[in-house]
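Student: I have a new structure open and would like to go through it piece by piece. Can we start with the charged side chains?

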Amino acid sequence: MSTASSAQPTAAEIEAALLSFLEGRVKVPVAPDTDLFASGAVTSLFSLELVVHVETTYGVAVQGDELRMDNFRSVRAMVGLIERLRSASADGARS
């Protein structure tokens, strides 16, 4: 395998993967900026599954202030969350 396979996915790749995951679960098309809660696509119970999916798929820990509905309201919000958490993790590893 090449070293590229160990590279972090880009924001566009994360977005595409999250859209695919959601559409597979909710069985309806989802746009990156759709309010998942207002649209009814995501319930409070499914939001917990989203947290676990984000953590396990992207190797981040969603804790404290980051564990709020606004970070999971849309695919774009989740991408932003993942990028912030990965950046904070990388900054901590450099210290």
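**Salt bridges, core and confidence**

Tutor: This is a predicted model. In it, the side chains of E66 and R84 form a salt bridge, with 3.0 Å from N to O. That pair connects distant parts of the chain, since E66 is in the loop between α2 and α3 and R84 is in helix α3, 18 residues apart.

Student: Is R84 buried, exposed or partly exposed, and what is its relative accessible area?

Tutor: R84 is partly exposed, at 38% relative accessible area.

Student: How many salt bridges are there by this rule?

Tutor: The count comes to five. One of them joins D35 and R73, whose closest N and O atoms are 3.3 Å apart. D35 sits in the loop between α1 and α2 while R73 sits in the loop between α2 and α3, so this pair ties together parts that are 38 residues apart in sequence.

Student: Which residues are linked with R73 in a network of salt bridges?

Tutor: D35 and D70 are linked with R73 in that network. The D70 and R73 side chains meet at 3.1 Å, N to O.

Student: What about R86, where is it?

Tutor: R86 is in helix α3.

Student: Is R86 buried or exposed, and which side chain of opposite charge is nearest?

Tutor: R86 is buried, yet it has no salt bridge. The nearest side chain of opposite charge is E83, at 4.5 Å.

Student: Then what does R86 touch, leaving out residues up to four places away in sequence?

Tutor: R86 touches Q8, P9, I14, Y58 and V60.

Student: Switching topic. How many residues are in the largest nonpolar core?

Tutor: The largest nonpolar core has 25 residues. L18, L22, F72 and M78 have the most contacts inside it. The elements that give two or more residues to this core are α1 (11-26), α2 (44-58) and α3 (75-94).

Student: Why would nonpolar side chains be buried together?

Tutor: As a general matter, nonpolar side chains in soluble globular proteins tend to be buried together.

Student: How many aromatic pairs does a search of the whole structure find?

Tutor: The search finds one aromatic pair. F21 and F46 form that pair, which is stacked, with 6.3 Å centre to centre and 15° between the planes. F21 lies in helix α1 and F46 in helix α2, so the pair ties together parts that are 25 residues apart in sequence. F46 is buried, at 9% relative accessibility.

Student: Last thing. What pLDDT does the protein chain average?

Tutor: The protein chain averages a pLDDT of 90, and 89% of the residues score at least 70. Confidence is highest in α1, at a mean of 96, and lowest in α3, at 88.

Student: Where does pLDDT stay under 50?

Tutor: pLDDT stays under 50 over residues 1-5. For residues 1-5 the model has zero contacts beyond four places in sequence.

How values were computed. Residues are numbered from 1 along each chain as its sequence is written. This is a predicted model: local features need pLDDT of at least 70, side-chain atom pairs count only at pLDDT 80 or more; totals for chains, interfaces and linings use all residues. Side-chain values use heavy atoms; hydrogens and water are left out. A nonpolar core is a set of buried Ala, Val, Leu, Ile, Met, Phe, Trp, Tyr and Cys residues joined through side-chain atoms within 4.5 Å. Buried means under 20% relative accessible area, exposed over 50%, partly exposed in between (1.4 Å probe, protein chains only). Helices (H or I, at least four residues) and strands (E, at least two) are DSSP runs, numbered from the N terminus. pLDDT is the predictor's confidence in each residue, from 0 to 100. Contact means heavy atoms within 4.5 Å. Lys and Arg count as positive and Asp and Glu as negative; His and the chain ends are not counted. A salt bridge is a side-chain nitrogen of Lys or Arg within 4 Å of a carboxyl oxygen of Asp or Glu. Rings of Phe, Tyr and Trp (its six-membered ring) pair if their centres lie within 6.5 Å; planes under 30 degrees apart count as stacked, over 60 as edge-to-face and the rest as tilted.
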